[in-house]
Amino acid sequence: MTEELQQAHEALIRGEGFTVLSSLMTEGEAARVRDSILNHLEQAVDERDGVARLSNLLAVDTSFDAYVTNPMLLGLAHRMLGPDARLAALGARVLMPGCELGGLHVDYPYWAMDPGMPVEPALMLQVIWMLEPFTEDNGGTWVAPGSQAWGEYPSEKRFADSAVQITGNAGDAVVSHGLLWHRTAKNRTDEPRVALLINYSQLAIQPMTPMGPFTDEYRAGASAELRALLGFDHGRALRNRAMNVAREG
C-alpha cells in the first residue's frame, strides 16, 4: 500500500490534483451504503437545484465509522495533512433525476481564503465515494486537471477549456486536493446518483459543519483513530504539535 499511497500523494500535489482509487469497497457494500443514505433523505439539510445534501452522518448512523477510518484513505490523509489530521466533514450528495449543473468551486477552507494558497502543505483532502457507477449521463463529477496549482479563484472560462468528467464503478473513490476546481454534473437519468463525501483537514482547521453530538458511550467505544479524527483529544493534539514544532525550531 505504501507505493500506492505515494503515487496518490504525487498525483494530488504535483499531478492532476485527483486520482481514482478502484474498488475501495465492494459493489455489494456500495449498494448497502447507497440504500442507507436514501433511507435517511428526510434528514437532508439542504435540497436545492435538484441536489439533496446530507451532513453529520456519524450522528445519523455509526456504521459510517468504518469508512472514515479506511486504511487507504487515512494513510493518504496522514501523508498529505499530517499524522494528526482530523475529520472535517462526512456527508452525502444525492443528485436527483433532472438536476442541473452544480456551481464551480474549490473546497472549504480554500473558498473562504484569499487565492494563492500553496498546494503543499495541503489544508484539505476530499473523497467522493461512488456508491453506484458514475457515468456521463448520471452526474459523474467534472474536474479541471492540475487546477490545484493555478493559484486563483475558479473561472468558468478556464474551467470549460480543460474540464474532464470522472466516471467509474460502484465502490471506486475519487480523492482530490481541496484546491482542485470541480462541480457536480447534470443527472439526465431517471434514478438518483448517490455519493458518500468525506473531507479530512489539518488539525488547526475549524470544521465548517459541527459533528455530533456524540454520546458518552460512543466516545468510550471509539477507536484511537476515530478519536483523533473527531478531535476528542484536540487540546492534547495541539499541545503535541506545538512541542514538535518547538523541537524542530
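Hi everyone, thanks for coming. Please keep in mind that what you have on screen is a predicted model.

Let's begin with two helices. Helix α1 covers residues 2-14 and helix α5 covers residues 71-81. Their axes come within 10 Å of each other, and the crossing angle is roughly 55°. As for handedness, the crossing of α1 and α5 is right-handed.

Which residues of α1 and α5 make the contact? From α1 we have T2, E4, L5, Q6, A8, H9, L12 and I13. The α5 side brings M72, G75, L76, R79 and M80. Sorted by type, the residues of this contact come to 7 nonpolar, 4 polar and 2 charged.

Now to the charged pairs. Side chains of opposite charge can pair when their charged atoms come close. How many salt bridges does a search of the whole structure find? The count is 8, and I'll walk you through some of them.

Take E132 and R34, whose closest N and O atoms are 2.8 Å apart in a salt bridge. E132 sits in the loop between β5 (124-130) and β6 (142-143), while R34 belongs to helix α2 (residues 27-39), so this pair ties together parts that are 98 residues apart in sequence. Are these two residues buried or exposed? Both E132 and R34 are buried, which means that each has under 20% relative accessible area.

Next up is the salt bridge between the side chains of E100 and K186, with an N to O distance of 3.9 Å. The cut-off for a salt bridge here is 4 Å, so that pair is counted. E100 lies in the loop between β4 (86-95) and β5, and K186 in the loop between β9 (182-183) and β10 (193-201), so the bridge ties together parts 86 residues apart in sequence. E100 is partly exposed at 46% relative accessibility, and K186 is also partly exposed, at 34%.

Let's stay with K186 for a moment. Leaving aside residues up to four places away in sequence, what does K186 touch? The list is C99, E100, L101, D137, N138 and G139. S36 is 150 residues from K186 along the chain, and the C-alpha atoms of the two are separated by 23 Å.

A further salt bridge joins the side chains of R158 and E152, at 2.9 Å from N to O. Here R158 has a relative accessible area of 32%, so it counts as partly exposed. E152, at 34%, is partly exposed too.

There is also a network of salt bridges, and it links E10, R14 and E120.

My last stop is P210. Where does P210 lie? You'll find P210 in the loop between β10 and α7 (216-221). Its relative accessibility is 64%, so P210 counts as exposed. P210 and A88 are 122 residues apart in sequence, yet their C-alpha atoms are 8.5 Å apart in space.

Notes. Residues are numbered from 1 along each chain as its sequence is written. This is a predicted model: local features need pLDDT of at least 70, side-chain atom pairs count only at pLDDT 80 or more; totals for chains, interfaces and linings use all residues. Side-chain values use heavy atoms; hydrogens and water are left out. Axes are lines fitted to C-alpha atoms, for helices over the stretch in contact, and angles run from 0 to 180 degrees between N-to-C directions. Helices (H or I, at least four residues) and strands (E, at least two) are DSSP runs, numbered from the N terminus. A crossing is left-handed if the near helix is turned anticlockwise from the far one by less than a right angle, and right-handed if clockwise. Contact means heavy atoms within 4.5 Å. Ala, Val, Leu, Ile, Met, Phe, Trp, Tyr, Cys and Pro count as nonpolar, Asp, Glu, Lys and Arg as charged, and the others, Gly among them, as polar. Buried means under 20% relative accessible area, exposed over 50%, partly exposed in between (1.4 Å probe, protein chains only).
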